[in-house]
Amino acid sequence: MTDLAAAVPLQEPNRRLDAIDRKILTVLQEDASLSVAEIGDRVGLSSTPCWKRIQRLEADGVILRRVALVDQNKIGLGISVFVSVESSDHSEAWLRKFADAVSAMPEVMEFYRMAGDVDYMLRVVVADMPSYDVFYKKLISAVPLKNVTSRFAMEKIKSVTALPVPAA
């Protein structure tokens, strides 16, 4: 099964993020390519203590990974689709099969189990309508589904990756 349980990482109950940790997270979310010395300068630490904090934040699962963000349009993935899925089957076996199938589809950027009238929500990126049709057929053949609704984004108005790090 996919890492559904790891979606909410557990943090050591005694280990709290202090103001410096929060500053480090804010700086790294803005530009993870900065050197440890540059990060340290921005948060008021020398390199070694800054590096140790970053390593601890990674070990604790606060920092999941550092990546490059790519413009989907510039690599030919011009269509974003929000796909809501309803299921008649809510068994663990069905969910495992569905989660494994959807998680293996590279077009799916985000995948959520929802509360309310929709069971699952996917954010999908594809090159064009024929590509979406291929994806759609793959999705509906993976497991029995009650309803699939696709909503096509016409314009991206806001998209951020940096979480608003709350104050301590």
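How many bridges join S1 to S4? In this predicted model, 6 bridges join these two strands, which run antiparallel. Residues are numbered from 1 along each chain as its sequence is written, local features need pLDDT of at least 70, and side-chain atom pairs count only at pLDDT 80 or more, whereas totals for chains, interfaces and linings use all residues. Side-chain values use heavy atoms, with hydrogens and water left out.

**Sheet**

- An open sheet is formed by 4 strands in the order S2-S3-S1-S4, with antiparallel pairing; strands (E, at least two residues) and helices (H or I, at least four residues) are DSSP runs numbered from the N terminus, and two strands pair if DSSP finds at least two bridges between them.
- Strand S2 (108-113) and strand S4 (147-152) are the edge strands, each pairing on one side only.
- From one strand to the next, the twist averages 20°.
- Ser84 has Thr149 of S4 as its bridge partner.

**Helices across the sheet**

- H4 lies across S1, S2 and S3 and runs at about 160° to S2; axes are lines fitted to C-alpha atoms, for helices over the stretch in contact, and angles run from 0 to 180 degrees between N-to-C directions.
- H5 lies across S1, S2, S3 and S4, running at about 160° to S4.

**Glu107**

- Glu107 is located in the loop between H4 and S2.
- Glu107 counts as buried because its relative accessibility is 16%, buried being under 20% relative accessible area with a 1.4 Å probe and protein chains only.
- Beyond four places in sequence, Glu107 is in contact (heavy atoms within 4.5 Å) with Arg123, Val124, Val125, Val126, Phe135 and Lys138.

**Packing of H1 and H3**

- Helix H1 (residues 19-30) and helix H3 (residues 47-59) pack at an angle of about 80°, their axes being 11 Å apart.
- H1 and H3 are therefore roughly perpendicular to each other, a term covering angles of 65 to 115 degrees.
- Residues making the contact include Ile24 and Leu28 of H1 and Ile54 and Leu57 of H3.

Terms used:
Buried < 20%, exposed > 50% of the residue type's maximum accessible area, 1.4 Å probe, protein only. Parallel < 35°, antiparallel > 145°, perpendicular 65-115°, else oblique.
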